[in-house]
Every structure is written in C-alpha cells, then in structure tokens.
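Let's take a friendly walk through this model, starting with a pocket and then turning to a helix.

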Amino acid sequence: MSEHIVPVRIYVTIFLLLLLGTGLTVAAAFLDFPWQFNTIIALTIAVAKATLVVLYFMHVRYSIRLVWVVGGSALFWMAILFALTLSDYQTRDWLSLGY
C-alpha cells in the first residue's frame, strides 16, 4: 500500500494557520462582542482549527472513503449526544428559579 507523501510546505502552512487561529482566539477573548458572539466566534475558530488538525496532521484528507465515513459517523454521534444533553439541560426546573 503506497502512502501519500505530503510536502513539508503544507505542514508549515497548516502550522502557521493554526498559530493565526490561536492568535485570533486570544484577540477575540479580549474583545467584548454583543449578545453571545464571543462564544460563537471562539467556537467557530476552534472548529476551523480542529478541522485543519484532523484533515492534515491526522492524514484524513488523503485517506480512503471509509475513514471519512467513520469520521462523519463520529461527528454525527457527537451531535446526537450534545442534542440529548442540551434537551435535558433545558428541561430542568432550576433554570427557571433564577439561581
């Protein structure tokens, strides 16, 4: 089985993008955005950085389609778990008591 050889230039570029994402995260932490945009911006940057790590450093981008299916299934399962957890969290009585 032949492996895909990734040029070092790609790794350096991804590393620099991850550093830029970290800098953006730090900069966003010191800014006060209206409503809950701080959380949305931070999570967007985190998802973008995680996508870069998974695609390039874990070599999923150059893998067979079965690896893509497993990764997508894992994300789908995580979304189900988050949805169930948040639906339970929203139905709690102590949220409406104002504690």
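In what follows, Ala, Val, Leu, Ile, Met, Phe, Trp, Tyr, Cys and Pro count as nonpolar, Asp, Glu, Lys and Arg as charged, and the others, Gly among them, as polar. Please keep in mind that this is a predicted model.

**The largest pocket**

The largest pocket has a volume of about 340 Å³. The elements that each contribute two or more residues to its lining are α2 and α3. Of these, α3 gives the most, with seven residues. In total 14 residues line the largest pocket, and V54, V60, G71, G72 and L75 are the ones nearest its centre. The lining splits by residue class as follows.

| Class in the lining of the largest pocket | Number of residues |
|---|---|
| Nonpolar | eleven residues |
| Polar | three residues |

**Helix α2**

Helix α2 spans residues 37-57, 21 residues in all. From first C-alpha to last, α2 reaches 29 Å, close to the 30 Å expected at 1.5 Å a residue.

Which residues of α2 are buried? They are I45, L52, L55 and Y56. These four sit on the same side of α2 because they cover an arc of only 105° around the axis. On the other side of α2, L43 and V47 are exposed.

What do the buried residues of α2 pack against? Their partners are α1 (8-30) and α3 (65-90). After α2 comes H59, which has a positive phi, near 60°.

Key
Residues are numbered from 1 along each chain as its sequence is written. This is a predicted model: local features need pLDDT of at least 70, side-chain atom pairs count only at pLDDT 80 or more; totals for chains, interfaces and linings use all residues. Side-chain values use heavy atoms; hydrogens and water are left out. The expected span of a helix is 1.5 Å times one less than its number of residues. Buried means under 20% relative accessible area, exposed over 50%, partly exposed in between (1.4 Å probe, protein chains only). The arc is that of the directions from the helix axis to the C-beta atoms. Contact means heavy atoms within 4.5 Å. On a 1 Å grid over the protein atoms alone, a cavity is a set of points where a 1.4 Å probe fits but cannot get out, and a pocket is an open set with protein on both sides within 12 Å along at least five of seven lines; lining residues have an atom within 4 Å of a point. Grid points are joined across faces, edges and corners, and a volume is the space filled by probe spheres set on the points.
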